[in-house]
Amino acid sequence: MIAPPVSRTMKRADKKETAVKNHTYAYHESVLMAETLQCLAPAPGKVIVDGTLGGGGHSTQLLATGARVIGIDHDPEAIAHARKLLIDAGESFVAVRSSFTKLDEVLASLGIDRIDGGLLDLGVSSHQIDEPSRGFSFIQNGPLDMRMDPSSPLSAADLVNVMSGEQLERIFRNFGEEPAARRIAARIVRDRMVKPFTTTLQLAESVESVVPRHSKTHPATRVFQALRIAVNRELDALAEGLEQFTRRLAPGGRLAVITFHSLEDRIVKTFFKARSAQWIDRPEWPEARPNPDYIFKQITGKPIVASAVEQRENPRSRSAKLRTVERIPYAR
């Protein structure tokens, strides 16, 4: 069968789509794109908040469905990139430099009361990791920073050089689930007495002197994750953000959250489960009682993970888990 001729208009459209896609992926390649769109069910007239705007990948596809998108990010580089990328979206897209923990404040400034969907794609973006000056990478040398919001008062260097060994051990154990947390913290305290930590490779080498490399995973992976979480208060922010998105969802509105490690996923799973049970029961009660927090129905029973194809093409997606809930119409 002979394929139909391709018009110049179609060629230009394809080139533009490819250019936008490549430009977006050059900054950050969003994970679980098709699955996220299916879960959020965007449509013309719906208002959806992308609480972690990043490279604008998810927002680009949400806008393509006709939905109105409000993108939030506390990284000024992400905001500038998304505004340039989505300049043709007009009034359908608004980018706000803020945190999703301030959703109430953002929506109030825009005169919006309820939203039809919310998205949180947690963790650090590809651009932040790949840009040495941001200090997230233990592969490329850069200042030991790790602040997603450059205006935040404390950097990773501040924590590493000031905190006690016990405090560092607690961070590495609680936020990084690092088995060698005590030994690594003790080594850092000894090393900083000789020379304060200022760069990422300096810290990575200190960790590697305690935990030699035995696999493809760098020994400093958990330590860098733990410091990043501590610097940006990521777990506290997640809990605050979930509460605010829940309050703002309209009946039938959906909230989708993509996590990248067990600490985040545990918070999301527990939050959704506690608000999706119609009844609660305890051994000391004579019978089950209505759940006063019942507000959701779960769209994804088990978390959705990336396909084998996506995991091969985008290694970052290997640890991604997507959970989605929908606000029930008769919820308080």
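Mentor: Before we start, contact means heavy atoms within 4.5 Å. This is a predicted model, so local features need pLDDT of at least 70 and side-chain atom pairs count only at pLDDT 80 or more, while totals for chains, interfaces and linings use all residues. Residues are numbered from 1 along each chain as its sequence is written, and side-chain values use heavy atoms, with hydrogens and water left out.

Trainee: OK, let's go. Which residues is Arg-192 in contact with, leaving aside its neighbours within four places in sequence?

Mentor: Look for Arg-192 in helix H9; helices (H or I, at least four residues) and strands (E, at least two) are DSSP runs, numbered from the N terminus. With a relative accessible area of 18%, Arg-192 is buried, where buried means under 20% relative accessible area, exposed over 50% and partly exposed in between (1.4 Å probe, protein chains only). Leaving aside neighbours within four places in sequence, its contacts are Val-160, Asn-161, Val-162, Met-163, Ser-164, Leu-168 and Phe-197.

Trainee: How many Å apart in space are Arg-192 and Asp-281?

Mentor: Along the sequence, 89 residues separate Arg-192 and Asp-281. In space, C-alpha to C-alpha, the two are apart by 52 Å.

Trainee: Back to H9 itself. At roughly what angle do the axes of H9 and H10 cross?

Mentor: Two packed helices are described by the angle between their axes and the distance between the axes. Axes are lines fitted to C-alpha atoms, for helices over the stretch in contact, and angles run from 0 to 180 degrees between N-to-C directions. For H9 (residues 181–194) and H10 (residues 200–210), the axes come within 9 Å, and they cross at roughly 130°.

Trainee: And what does that make H9 relative to H10?

Mentor: Angles under 35 degrees count as roughly parallel, over 145 as roughly antiparallel, 65 to 115 as roughly perpendicular and the rest as oblique. With axes that cross at roughly 130°, H9 is, relative to H10, oblique.

Trainee: How many of the residues in the contact of H9 with H10 are charged?

Mentor: On the H9 side you have Arg-183, Ile-184, Arg-187, Ile-188 and Asp-191, and they meet Leu-203, Ser-206, Val-207, Ser-209 and Val-210 of H10. Ala, Val, Leu, Ile, Met, Phe, Trp, Tyr, Cys and Pro count as nonpolar, Asp, Glu, Lys and Arg as charged, and the others, Gly among them, as polar. The contact of H9 with H10 has five nonpolar residues and two polar ones, and its charged residues number three.

Trainee: Now H10 and H11. Which residues of H11 make the contact?

Mentor: The axes of H10 and H11 (residues 221–232) come within 9 Å and cross at roughly 130°, so these two helices are oblique to each other. H10 brings Thr-200, Leu-203, Ala-204 and Val-207, while H11 brings Val-223, Phe-224 and Leu-227.

Trainee: How many residues of that H10 and H11 contact are nonpolar?

Mentor: One residue in the contact of H10 with H11 is polar and none is charged. The nonpolar residues number six.

Trainee: What is the relative accessible area of Ala-41?

Mentor: Most residues other than glycine have a negative phi. Ala-41, not a glycine, has a positive phi of about 50°, and its place is in the loop between H2 (33–40) and S1. Ala-41 is partly exposed, with a relative accessible area of 30%.

Trainee: Last one: is Met-146 buried or exposed?

Mentor: Met-146 also isn't a glycine, yet has a positive phi of about 70°. Find it in the loop between H6 (126–130) and H7 (156–162). At 1% relative accessibility, Met-146 counts as buried.
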